Amino acid sequence: MSDTPANSVTKFDQSRAEEYARQSRIALAGYDACHELSACMVSASLADISQARILVVGAGGTAGEIIALAGLEPDWSFVAVDPSVPMLEAAQENIANAGLAARVTCITGDLSSVAGDAVFDAAIMIGVLHHLPGDVAKRDIMRQLAAHLKDGAPLVVAGNYRAYQSQPLFMAAWARRWKMSGAQPDEIRAKMDRILQGAEPPVSQEAVDTLFTQNGFEHPTQFFASLFWGAWISRRRLMP
């Protein structure tokens, strides 16, 4: 998911949606592990809830987090949101193939497309923050998430963080992921340029912490890392 539906239609168009499943697993070492662990963290956080309702923001693509969590929790239901039609259609196909279509409501749009009075037991947002330009957009989506969560509800957020230019060794290692997959030098440059196009990750771990703690959540705990990528879990701060 990106900052606006219009931008995601351009960035995550049909061609990118078609290659997403393979390309994302090269770009992110541990792609499946991150999605599976995210599901495990939410399941473990809500161990006493038998029929939870989960909000998944930026759900387009593989729907890996939904499929993993639905397998762990057979009575839970999901609302999946993404502004890119091709990406959401790819997710819907995977959801249907997993026999989960009846448990997942898909919404084309950004988080504002979710009914204002809808409240969820947990939320997952993977691969979204680094596509949002500037601090204001990142802050706003965290506040929107807080508004849709029950007090104490868990939130998992995953995405790239740190300024890319701050870690040249990570950048070089990242490019070699493509080399390992058989890409030639010109293709590697094109792949890296496409990944970085329009991306603006939080600049540090401290910036991630601030996004949580100043926008309705407790201090986050990181449970996964891979080069620039991180995944965190927190809870909606209890309201007095």
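Definition to start with: I count two strands as paired if DSSP finds at least two bridges between them. Helices (H or I, at least four residues) and strands (E, at least two) are DSSP runs, numbered from the N terminus.

Ground rules: this is a predicted model, so local features need pLDDT of at least 70 and side-chain atom pairs count only at pLDDT 80 or more, while totals for chains, interfaces and linings use all residues. Residues are numbered from 1 along each chain as its sequence is written, and side-chain values use heavy atoms, with hydrogens and water left out.

**Hairpin**

I looked up strand 6 and strand 7 and found a hairpin with 2 residues between the strands. L227 sits in that turn with a positive phi of about 50°. The two strands pair in the antiparallel sense over 5 bridges, and T221 stands opposite I233 in strand 7.

How many residues of strand 7 are buried (under 20% relative accessible area; exposed is over 50%, partly exposed in between; 1.4 Å probe, protein chains only)? I get 6 of its 7 residues, 229–235, so I noted the strand as mostly covered.

I find both here. Strand 5 and strand 7 run antiparallel with 7 bridges, and V156 stands opposite I233 in strand 7. Strand 4 (122–126) and strand 5 (154–160) run parallel with 4 bridges, and I126 stands opposite A158 in strand 5.

**Positive phi elsewhere**

Which loop holds A63? I found A63 between strand 1 (53–57) and helix 4 (64–72). A63 has a positive phi of about 60° although it is not a glycine, and at 1% relative accessibility A63 counts as buried.

R162 is also a residue other than glycine with a positive phi, near 85°. I located R162 in the loop between strand 5 and helix 7 (168–180), partly exposed at 21% relative accessibility.

**Cysteines**

I checked for disulfides (a pair of cysteine sulfur atoms within 2.5 Å) and the count is 0. C34 is buried at 0% relative accessibility, whereas C40 is partly exposed at 37%.

Last, the largest pocket, with about 210 Å³ of space. It has 13 lining residues, with D135, K138, P202, A207 and L211 nearest its centre. Helix 6 (134–147) and helix 9 (205–213) are the elements that give two or more residues to the lining; helix 6 has the largest share, 4 residues.

For the method, I noted that a 1 Å grid over the protein atoms alone is used: a pocket is an open set of points where a 1.4 Å probe fits, with protein on both sides within 12 Å along at least five of seven lines, and lining residues have an atom within 4 Å of a point. Grid points are joined across faces, edges and corners, and the volume is the space filled by probe spheres set on the points.
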